[in-house]
Each structure stands twice: as C-alpha cells, then as structure tokens.
Amino acid sequence: MTRKYKIAFMPGDGIGVDVLAAAKVVLDVSDFNAEIIPLDIGFTIFEKEGEPLPERTIEGLKECDAAFFGAITSKPRTDPDVQRIERKYGTIYRSPIVRLRQIFDLYSNMRPSKSYEGNPLNFRKIDGSIPMIDIVTFRENTEGLYSGIEFDSLIPELKVLPKFKEFQHRTGAEDSDIRISCRVFTRNGCERIIRKAFEYAEITKRNKVTVVHKANVIRATDGMFLEIAKKVAEEYPEVKWWDENIDATAMWLMKRPEEYSVIVSTNMFGDIITDQAAMLTGGLGFAASASTSNDFGVFEPNHGSAPKYAGQNKVNPIAALKSMGLMWEWLGETELADKLEMAISQNIKEGKIKTYDMGGTSSTTDVAKDIAQKFTTD
Ligand code: IPM
Ligand code: MG
C-alpha cells in the first residue's frame with residue numbers, strides 16, 4: 001500500500017467524464033492509496049457560473065499532491081455561446097487550462113509518443129515499413145505565444161516605436177486593423193525546460209536531445225532559447241544533442257521519426273509537434289501529458305472534449321490511463337506506473353478489446369476493465 005495521497009479529479013467537459021471514469025476502474029483495483037477530490041473546471045461550469053476555473057478549484061488544488069484532469073471544451077471568443085455567457089455574467093472567458101499552467105507554474109509539459117507493438121494505428125512510412133517510435137517531448141508550458149499578452153489594435157504606447165512605424169508604413173494598415181500577440185520568453189523559462197529535457201535524457205539513459213526552434217528568423221526569442229541550450233548542454237557531456245528548425249522537424253518526423261528520442265521546444269512549437277508525434281503513434285487516443293512545476297503536477301490526456309462522443313462510452317481511454325501512469329511515475333510510484341504500462345501494451349498487442357478508433361467495437365469501460373484485469377494479474 002502506498003502512502004495516502006490527495007488527488008484532485010477534474011473530469012471537465014465531454015469525453016473528459018468518460019475517460020476519467022475509465023481511469024477510475026484501474027485506480028480502484030490498484031493499491032494506490034488516495035483520497036479523491038472532485039473539482040470543477042471547464043465550459044459546463046462556465047455556462048453555470050460564468051467562470052471556467054472557479055476560485056474554489058484553485059484553492060482545492062493547493063491542498064492536493066497532484067491533479068488528474070480529463071478535457072475541456074475550448075471555444076474562441078467569437079463563438080456566440082461564449083459571447084452570450086460573457087454578457088450574462090459580465091466576465092471574459094479565458095482558457096482554464098492555460099491559466100492553470102500559469103497559476104501553478106507548471107512549466108514543464110512532458111508528452112511521450114510511443115509506438116506499441118500490434119497497434120493497427122501505427123504509422124507506416126511511404127516504403128510500407130512501420131518505425132518503432134519512442135519520443136518524449138518537453139514543451140515549455142507557461143510563456144512564449146501563450147503568455148496572454150495581446151493587443152486588439154496598435155495602441156499608442158507601441159505606435160511610437162520605430163519598428164511599428166516602419167511596419168505600419170510598409171503595410172499601410174490602420175491602427176484598428178492591427179492585432180498583436182506577443183511571444184515573450186524569459187531566460188529562466190528557457191533554461192528550466194531545457195535543463196529538464198537534458199536531465200531526463202541523462203537519467204533515463206536515452207542520452208539524445210533535439211532542440212527545436214526557429215532561431216534563424218525569430219531571433220530574439222528563439223535565438224536566446226538556442227543560446228541557452230548550448231550552455232546547458234555543456235553540463236551533460238553524456239548527452240548527444242543537436243538543434244533543428246521547427247519546419248525541418250515537421251518534415252523529419254514524417255521521414256525518420258525513430259531517430260528522435262527527447263525533444264525540447266517552446267510552447268507553441270511544442271503544442272504542434274506533439275500533435276504530430278501523437279498521430280505517428282496512434283492518434284490522440286494514445287497521447288498523454290504531465291504538466292509539472294517543481295512541486296505540483298496536472299496529468300491529462302492531450303485530446304479535447306470531443307462533444308460528439310460525450311457520454312457514449314465509446315472513446316479510447318488509453319490516453320487517460322497513460323496520463324495516470326505519468327502521475328504515478330511523477331509521484332515516485334514507479335512500480336504502479338510500470339505495471340500499468342505493461343497492462344496497456346498487453347491489451348494493445350492482443351488486439352481483442354479495443355475502441356472504434358483502433359477498428360474495434362469495445363466500449364471505453366470494456367477497455368478499462370481489460371487493462372484493469374491485466375494490471376492485477378502478474
Ligand atoms: C494542448 C491543447 C491546449 C494547448 C489547448 C486546449 C489550450 O492543445 O494541451 O496541447 O494549446 O496547449
Ligand atoms: Mg495541443
């Protein structure tokens with residue numbers, strides 16, 4: 001029996017509810033000793049209360065060792081539903097997941113993408129071969145293009161800067177026809193995520209890191225990212241590393257994905273390549289993530305709330321189960337994490353009980369039960 005943990009349970013919206021219920025099936029047969037604390041987050045609660053991340057959730061999370069999260073529905077601010085609710089409550093919708101990452105300083109977003117033997121969804125190269133992929137991406141999770149510093153016009157404070165004057169002269173755009181989303185990096189923000197990736201590569205003996213950026217064009221921010229990577233790399237002489245421009249990575253991931261091991265990148269680039277890496281290894285039904293600070297973690301499948309499948313007990317619970325495994329690993333419960341990983345691999349290899357995305361007809365619960373059964377038999 002493990003020590004007693006306090007774990008926040010945040011199913012959120014749509015299929016978040018289905019997949020967290022499935023994870024609970026495995027949790028209940030494990031000897032993970034936890035008090036489960038349900039907390040509200042997402043669009044459903046935004047509709048009810050005008051706030052997608054209520055204060056009580058933030059306070060509740062502070063009492064917990066870790067949080068297990070399902071999915072949320074995120075909509076752009078032009079969406080009529082968002083506008084109606086904003087008007088009703090006099091609030092502004094902000095992505096609760098992005099806010100959670102910032103409030104709790106969950107700077108490291110770790111996302112494993114691994115091919116499982118026998119997975120019918122494994123990527124096939126043009127020559128028909130199936131590469132065995134095992135990539136772990138570390139995505140910076142609190143700054144960059146997600147810093148939330150945006151302007152809906154060329155405000156007077158910016159208009160006086162020569163670079164903006166030049167830009168406006170070249171484009172001929174009116175102040176009100178300009179929108180600005182700032183990509184803000186800090187030295188510390190870059191350094192800690194890069195260090196995390198190198199540390200992980202060393203500890204796991206993967207000993208291989210690719211630093212992904214676009215330093216040739218986005219010089220201020222990615223230039224600094226690359227410069228810091230060079231410095232940090234010196235502290236890890238065992239780790240072989242190289243850097244790539246993001247567009248090259250997008251291409252090489254399709255051509256030679258098996259050559260990557262640990263990837264580190266910035267917030268938006270990391271967002272994009274982890275979806276690509278997910279598709280190379282079975283799709284979003286397999287993509288899990290760990291968003292961690294130095295003392296707290298939120299663990300979630302990367303998929304969204306998929307409203308059209310909500311409540312149908314139909315979607316693949318593996319991404320959520322893998323996220324639970326990442327939570328166990330992070331808490332130091334490696335035995336549980338290893339056992340779960342084995343049970344998942346066995347289920348996929350057998351190929352009998354699988355959800356529709358894998359060509360099967362089993363339900364979310366059936367898959368969870370099969371994995372729970374494999375988990376409990378040594
Ligand atoms: C992810 C998602 C989020 C992101 C959205 C839902 C805000 O795409 O976790 O990858 O962009 O980070
Ligand atoms: Mg994403």
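The legends below describe close-up views of a predicted model. Local features are given where pLDDT is at least 70, side-chain atom pairs count only at pLDDT 80 or more, and totals for chains, interfaces and linings use all residues. Residues are numbered from 1 along each chain as its sequence is written, chains are lettered from A and ligands numbered from 1 in the order in which they are written, and side-chain values use heavy atoms, with hydrogens and water left out.

**View 1. Helix α1 (residues 15–29) packs against helix α12 (residues 318–331).** Helices (H or I, at least four residues) and strands (E, at least two) are DSSP runs, numbered from the N terminus. Two packed helices are described by the angle between their axes and the distance between the axes. Axes are lines fitted to C-alpha atoms, for helices over the stretch in contact, and angles run from 0 to 180 degrees between N-to-C directions. For α1 and α12 the angle is about 55° and the axes are 9 Å apart. The two helices are therefore oblique to each other; angles under 35 degrees count as roughly parallel, over 145 as roughly antiparallel, 65 to 115 as roughly perpendicular and the rest as oblique. Their crossing is right-handed, a term used if the near helix is turned clockwise from the far one by less than a right angle, with left-handed used if anticlockwise. On the α1 side, V19, A22, A23, V26 and L27 meet A320, L321, M324 and W328 of α12. This contact of α1 with α12 has nine nonpolar, no polar and no charged residues. Contact means heavy atoms within 4.5 Å. Ala, Val, Leu, Ile, Met, Phe, Trp, Tyr, Cys and Pro count as nonpolar, Asp, Glu, Lys and Arg as charged, and the others, Gly among them, as polar.

**View 2. Helix α1 also packs against helix α14 (residues 364–376).** The axes of α1 and α14 come within 9 Å and cross at roughly 20°, so these helices are roughly parallel to each other. The crossing of α1 with α14 is right-handed. From α1, the residues D18, A22, V25, V26 and V29 meet T364, A368, K369, I371, A372, F375 and T376 in α14. By class, the residues of this contact divide into eight nonpolar, two polar and two charged.

**View 3. Helix α10 (residues 246–255) lies beside helix α11 (residues 267–279).** Their axes come within 11 Å and cross at roughly 10°, which means that α10 is roughly parallel to α11. In α10, I246, T249, A250, L253 and M254 meet F269, I273 and Q276 of α11. The contact of α10 with α11 has six nonpolar, two polar and no charged residues.

**View 4. Residue L331 is part of helix α12.** L331 counts as buried, at 17% relative accessibility; buried means under 20% relative accessible area, exposed over 50%, and partly exposed in between (1.4 Å probe, protein chains only). Not counting residues up to four places away in sequence, L331 touches Y5, I7, F32, D65 and A66. Between L331 and N141 there are 20 Å in space, C-alpha to C-alpha, and the two are 190 residues apart in sequence.

**View 5. Residue R99 sits in helix α5 (residues 96–103).** With a relative accessible area of 17%, R99 is buried. R99 is in contact with E51, L53, I58 and R94, leaving aside its neighbours within four places in sequence.

**View 6. Residues K205 and A306 have positive phi values.** K205, a residue other than glycine, has a phi near 60°. This residue is found in the loop between α8 (187–203) and β8 (208–213), and K205 counts as exposed at 66% relative accessibility. Phi of A306, likewise not a glycine, is about 35°. A306 lies in the loop between β12 (297–301) and α12; at 27% relative accessibility, A306 counts as partly exposed.

View 7. C182 is partly exposed, with a relative accessible area of 21%, whereas C190 counts as buried at 1% relative accessibility.
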